[in-house]
Amino acid sequence: MMQSFLVSTGVVALAEIGDKTQLLSLILAARYRKPVPIILGILLATLVNHAGAGGLGAWLSTALSPNILNWTVVASFALMAGWILIPDKLDEGEIVMPKRQMGVFATTVFAFFLAEMGDKTQVVTIALAARFHDFLPVVAGTTLGMMLANVPVIYLGSRFADRLPTKAVHIVASLIFVVLGVLALMNAINGNPLLG
């Protein structure tokens with residue numbers, strides 16, 4: 001249980017560096033200059049989004065045969081190892097904002113939830129929940145990882161984001177996905193079910 005929480009936290013915190021949702025956090029912070037409702041909005045949007053993703057991963061772990069699940073997890077970690085190396089870009093025109101005027105909190109929840117759909121960290125949450133069979137620790141860990149990556153950006157803005165060695169962080173995250181993929185591959189080759 002602790003392993004799935006710690007791996008989920010670390011992998012998502014690293015994967016989120018330079019991700020489009022982190023860039024969205026920076027844009028929201030610059031636009032509204034109200035960090036607390038932005039942080040709470042990101043927390044709620046992430047919890048809901050990752051709970052759905054974790055639920056899908058947990059369901060896949062019971063719906064697929066152990067052999068197919070093993071190979072699916074191997075493939076997902078391999079894909080994530082490559083995908084994480086592709087830098088994200090986000091223009092303000094790409095941000096989906098609500099049509100009617102909402103407060104900072106509701107606008108953040110709406111924009112962040114939509115931006116997270118199909119994003120790297122959502123896909124990682126599905127894979128980790130399938131891999132570890134631990135819904136709550138995975139969702140808690142991925143949510144904490146998102147907050148660890150986004151809260152400093154909200155408070156420190158571009159001063160913080162510009163100083164991060166984004167390429168190096170993405171390489172480290174990619175290597176972690178490679179290691180997770182190799183471990184899953186060993187399970188798949190040996191025909192062992194995935195264990196947390």
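The legends below describe close-up views of a predicted model.

In this predicted model, local features need pLDDT of at least 70 and side-chain atom pairs count only at pLDDT 80 or more, while totals for chains, interfaces and linings use all residues. Residues are numbered from 1 along each chain as its sequence is written, and side-chain values use heavy atoms, with hydrogens and water left out.

**View 1. Helix α1 (residues 2-16) crosses helix α7 (residues 135-156).** The two axes, which are lines fitted to C-alpha atoms over the stretch in contact, with angles from 0 to 180 degrees between N-to-C directions, come within 7 Å and cross at roughly 35 degrees. Helices here are DSSP runs (H or I, at least four residues), numbered from the N terminus.

**View 2. Residues of α1 meet residues of α7.** Contact means heavy atoms within 4.5 Å, and the α1 residues involved include Phe 5, Val 12 and Glu 16, while those of α7 include Pro 137, Leu 144 and Met 146.

**View 3. Helix α7 and the residue that follows.** With 22 residues, α7 reaches 32 Å from its first C-alpha to its last, close to the 32 Å expected at 1.5 Å a residue, where the expected span is 1.5 Å times one less than the number of residues. Just after α7, Gly 157 takes a positive phi of about 60 degrees.

Note on methods:
Helices (H or I, at least four residues) and strands (E, at least two) are DSSP runs, numbered from the N terminus.
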